[in-house]
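Hi,

Here is the structure I said I'd send over. Have a look at it first, and then read my notes below.

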Amino acid sequence: MKKLVPALIALALLALGGCKSGMLYADMREIDQLELIRTVGLDASGADVTATAASGMRVGEGSPTVLENTSPTVARSMRLMQNYSSKKYIFYGHVKYLLIGEGAARAGLGKFLDYVERSVELRLSTGLLIVKDGTANELIRLTSTESESTAELLASLEKDVRLMSESRVCSCGEAAESLAESGTALVAAVRTERGDDGWRLASAGYAVLKDGRLAAFIDTDTARAVNLLTGEVEGDVTEVPDGRGGLAALRVTSGKSSFDAEFCEGEPSRIIVDVRVKANIEELRGGADPYSPDELAFLERELASLEASRIERALGLMRELECDYLGIGGKLRLRHPVKIDRLAGRLAESLAGAETEVRVEANIERTYDLGAPLRTDGGDG
Amino acid sequence: MNILKFLKKPRGKAHPEPKPRYDMPVSAENIALVFSGCDDFVAHEVLLGGEVRIKPTVCFIDGIVSSEAISRDVLRPLTSAERFGGVSDLREAVALMSEGMVTGSTVKVRESMDELVEDVLRGFCAVVLEGCAVTFETKGGEKRAVGEARSEKAVKGSRDCLTEVLRTNTGLIRRRMRDSDLKICELTVGRRTGTNIAILYIKGLTNGAMVQGLRARLAAMDVDGVLSPSSLEEYIVEKPGSPFPQVQSTERPDKLCIALLEGRAAVLADGLPMGFILPGTLSEFFKVPDDVAGHYIVASAITLVRYVSLVVSLLLPAVYVAVSMYHQEMLPTKLMLSIIESRQEVPFSTAVEVLGMMLALELLQEASLRLPQNIGDTMGIIGALIVGQSAVEAKVISPAVVIIAAIAGITGYTVPDQDLSAAMRLFRFAFAGLAVALGLFGIVIGVILLVWHLSTLENLGVPYLWPLAGGNAREVSRAVLRWPVRSQKHRKRGFNVENARERA
């Protein structure tokens, strides 16, 4: 009892914390009174920011709720959306995707990412995407229908682009970290397409951010090379000629890249990109014999050639933008730490001025022939 | 750990009943006076040795003695001329009786009325003479046979359980421990009930000061009667105000023997079909004799499950309340959507829902316990299935809350000790209340207060949280896991045993 009484008094004192409405029950909100926002879009509107918020699908409640507001700041725009209902609390704690319109991205993402970092509700793990050829508001309004929500479509797209190795949705935290470290970042790009049954989302490859602004887009084909160089290959079906006038569909199962550089008077004169690609034969449409060493070698050469051309395009963009969005500088630092450190502050320009040499080695590992499953001559299969 | 503090005089005023209670000489008239109005009291004069020179009065309480034993072992020898013929002196008669001329197994010469009355009430047959009496043990009457434990089911252990008869219980222990170092010290407690209480311990193993402290506690008990477990427990624990059990109660003699071998002491009371193990530490309440009967890996896993269950039972409703009222961002989105879906059209707030559901479960349980088994089962079915299902369908309560309350209830019963389980039920409400008021902050405050409270408990010099607090890594692992028997060479240090070595 001697200790219980002080304990109870201490507990009671907690209620007198000095907060205007008291500590008890102060931040309470019932779970069913929350309007769960799943997608937030941000667009530049002159000097102001237009924020668009969309909820996910709710059973029995029709199409997702879409709200928008334009204010000088992101915080104000999003907070003002609370006015839409007296009963519902607009809750941003479960936002899955943050969309930035192309215009806003070209003006700079810094203030948006800054808001995400400081927000008590938005998470750094929120997926970040740039809308190509449009605004986030348009995309959200076009894709929030009675049958689907923007968040669901984006989630589906996120899985698809990984399967096709067309891009990778990074989080706001990753993008902010990359921008802070190297001044550049790769962010997935998305666009709307008119389909037979309405509007749908399609991958637009990557958006390259330089100094916090959108610098360029990378198409989905080149994006595959980017994924190869950044080690993000999850699976990629690539069609190559089979040498008999047909096509062979190859699934790239893994890719390893390594970088080296030759230096001349302290400056990188040549960047050597060594890539090893492993693939399986998925489909043969021209009657090629996958067990023939010659035909297999032909397919491997074709694959290597295709990947090399994609990589050249990706490296060409790096030179053009003078922007090390592939993170080559960081990888070269592991081999030449002193030389790379001497280039601090002008590394991207130095790398852009260097020649590139791309070496691709493709290896087709296996295929499956149910007609002759035990045939092993001429290959592993 | 100050064990000797138990030797201090207990707090409170002395019992108003004076001692000696019957301040009068031993005589047939006086004993009849003491038992006047007791129709089960039987007293009649007999002729010692069949002669009229000395007429002792044989008295006993009908119903607690064996009539056959009185006739055979007391009356027949007393009236036998061969044994007592020619005896004319009272002293000689008493000497002959106490030296075996009367064949009762236990013979006591009593010269005070208090002792005499106590013996008669214990089922002794008294032969009362002027100024003194001789009592013979002739206990009898109806008693329950040793049956199977009802509240502590054994899957792989022994089936017998303690009964209401102290001597039967000590016999069950003795049968398992044929060791003269197993000491059984008996005291009589209760001015009205005169309950025999036995302290059991193994000499040279159990800490002597601990036994001394326990004996002092029991000896200091000055009460009218000991008829319920709590009337004994509250006197032998240090902090009876705590809802947490500080004494392990069991109705299984094998569990009692395991505790004795660990160097702990046990208390048995006549009339109570259970034994008490002291000191009780929190980790001991998670163990059952079946743990030692099964494979150690399985037993360890089950013990861990019990600990997890305790945490789930204690905190799950509170965490649900806190997360759904204050910290919605902590929930996975899909789960949150499910909860929102389930709460649609429910008119009550989450706090009312959870506290109400927990209260409803308690009511159901209480109703089921107090009813005959068949009706109790029906009550459970009506409550859980019909009312619960209807409440969910009528949108009075959300399915998520029903699930939360049910999980909390079920996990609460995986804790083997019912007293600990009951304490946890109480704290479950407290935690839910704190969560309603302060969210997770309230739960953290509650946990801190709970741990603080538990850490202040101590019994017979052993901290309640030992070895979870104060024990080394090996001792903690022994508390939460069951290591192979052969690897446990030493007894638990926390019980301050006099001989730590358990096996070679």
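Keep in mind that this is a predicted model. Let's start with a pair of helices in chain B. The axes of H11(B) and helix H13 of chain B, which covers residues 350–370, come within 10 Å and cross at roughly 165°. Angles over 145 degrees count as roughly antiparallel, so H11(B) is roughly antiparallel to H13(B). The crossing of these two helices, H11(B) and H13(B), is right-handed.

Which residues make the contact? From H11(B) you'll find B:Pro317, B:Tyr320, B:Val321, B:Ser324 and B:Met325, and H13(B) brings B:Thr350, B:Ala351, B:Val354 and B:Met358. By type, the residues of this contact of H11(B) with H13(B) are seven nonpolar and two polar, with no charged ones.

Next, the place where the two chains meet. Chain B puts 19 residues into the contact and chain A puts in 18. On the side of chain B that touches chain A, at least two residues each come from H11 (296–325), H12 (333–343), H16 (418–438) and H17 (440–456) of chain B. H12(B) gives the largest share of that side, six residues. Sorted by type, the side of chain B that touches chain A has eight nonpolar, eight polar and three charged residues.

Last, the domains. Chain B is split into domain 1 (28–137), domain 2 (166–280) and domain 3 (292–462). How far apart are the centres of domain 1 and domain 2 of chain B? Taken over C-alpha atoms, 33 Å separate them.

Cheers

Methods:
Residues are numbered from 1 along each chain as its sequence is written. Chains are lettered from A and ligands numbered from 1 in the order in which they are written. This is a predicted model: local features need pLDDT of at least 70, side-chain atom pairs count only at pLDDT 80 or more; totals for chains, interfaces and linings use all residues. Two residues are in contact if their C-beta atoms, placed from the backbone, lie within 7 Å. Helices (H or I, at least four residues) and strands (E, at least two) are DSSP runs, numbered from the N terminus. Ala, Val, Leu, Ile, Met, Phe, Trp, Tyr, Cys and Pro count as nonpolar, Asp, Glu, Lys and Arg as charged, and the others, Gly among them, as polar. Axes are lines fitted to C-alpha atoms, for helices over the stretch in contact, and angles run from 0 to 180 degrees between N-to-C directions. Angles under 35 degrees count as roughly parallel, over 145 as roughly antiparallel, 65 to 115 as roughly perpendicular and the rest as oblique. A crossing is left-handed if the near helix is turned anticlockwise from the far one by less than a right angle, and right-handed if clockwise. Domain bounds come from an automatic or database domain assignment.
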